[in-house]
Amino acid sequence: MNIDFGRVSQDYARFRDRLPDILFEQFSKKGIHFHGKDVIDLGAGTGLFSRDLALRGARVIGIEPSEELIKAAMQSAHQHQAAPVRYIQAFAEHVSLPGKYPIITAVRAWHWFDRLKVIKNIKNLLESGGLLIVINSVFLPDSDIAKATFEVLRNNRIELKPAGSHADVKERRTGFPVNWFDEWKAYSLNIIHEWEQDYMLKYTHEEWCGKIRSVSWMANADEALKTRVTSELMKRLAEFDQWMEIPHRYSVVVLKNEQKS
């Protein structure tokens, strides 16, 4: 089933969370710097990570197929007076740009791609020795808030399967499906770093409901279902503090293009 995140672009822009600053500290310690670099951000969405890259001095091109998400990204950038990002409406599998780039990122997006097509296109875009950085993040399922959320969703017959191709295999390495690693290796995209990091995020009840409305499980739901889920979830969250701390984890793989494209 195709997921249309454009249908939840406003919730996506308002309630999806940025990755914590510690991620960029970890990049720096590993000798990965973005200042002055030309960076392609594939599956840029509403520009959360694109703006963080630009804030750190990168010249960023955000690639996103959804017109609604690009509009939301540009509105958010204007509201927050963010560093400029150039957005191109295109699919990661087919986007064509002149020249070669030193860094390509894909944040919370790789599982939505036609992976082999994207890898082949990345080989056209990434310079020899350039870096592909793939990141995913999730909220952890074992907190009381997560359990209450899952219960409300299941009661409304919402299927809680892993997003995109995360559902294809159960085995994981550093949070990613193990078959992805063989695919990267087959195209001489060789791992130089991989790690995971747990972190906490604070949400109000409204913010948490907004985030849940923006996730893939809810993206295709009609407005009546979204309203019902929000109402039921707000009632369940009444037993928790107004500011809720919810555990998350991000996973990172950094790959080097070892073979000339």
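This note goes through the sheet, the helices around it and the nonpolar cores of a predicted model.

1. Seven strands form an open sheet in the order 3-2-1-4-5-9-8. The pairing is mixed. Strand 3 (86-89) and strand 8 (189-203) stand at the edges. Each has a single partner strand, so one side of each lacks a neighbour in the sheet. From one strand to the next, the twist averages 20°.

2. **Strands 2 and 3.** Strand 2 covers residues 59-64 and runs parallel to strand 3. Four bridges join the two. Look for Ile63, which stands opposite Ile88 in strand 3. Helix 4 (residues 67-79) packs on the sheet here, touching strand 2 and strand 3. The direction of helix 4 makes about 170° with that of strand 3.

3. **Strand 1.** How many of the five residues of strand 1 are buried? Four are, so strand 1 is largely enclosed by the rest of the structure. Strand 1 pairs with strand 2 in the parallel sense, over five bridges. Leu42 stands opposite Ile63 in strand 2. To get from strand 1 to strand 2, the chain passes through helix 3 (residues 48-55). This β-α-β crossover is right-handed.

4. **The other partner of strand 1.** Strand 1 also pairs with strand 4, again in the parallel sense, with four bridges. Here Asp41 stands opposite Thr105 in strand 4. On side chains, keep one rule in mind: in a regular strand they alternate between the two faces of the sheet.

5. **Helix 5.** Which residues of helix 5 (residues 115-125) are buried? They are Arg115, Val118, Ile119, Asn121, Ile122, Lys123 and Leu125. These buried residues pack against strand 1 (38-42), strand 4 (101-107) and strand 5 (126-139), among others. Their partners also include helix 7 (178-186), strand 8 and strand 9 (244-257).

6. **The largest core.** The largest nonpolar core holds 50 residues. Leu23, Phe27, Phe34, Ile133, Ile135, Trp208 and Val252 touch the most other members. Helix 6 (residues 144-155) gives the largest share of this core, six residues. Take Leu23 as an example. Leaving out residues up to four places away in sequence, Leu23 touches Phe49, Ile135, Trp195, Tyr250 and Val252.

7. **The second core.** A separate core has 29 residues. Among them are Ile40, Ala90, Ile119 and Leu189.

Notes:
Residues numbered from 1 in each chain as written. Predicted model: local features only at pLDDT ≥ 70, side-chain atom pairs only at ≥ 80, totals over all residues. Heavy atoms only, no water. Pairing = 2+ DSSP bridges. Axes fitted to C-alpha atoms, helices over the stretch in contact; angles between N-to-C directions. Contact = heavy atoms within 4.5 Å. Buried < 20%, exposed > 50% of the residue type's maximum accessible area, 1.4 Å probe, protein only. Right-handed = clockwise from strand over helix to strand, strands pointing away. Core = buried A, V, L, I, M, F, W, Y, C linked by side-chain atoms within 4.5 Å.
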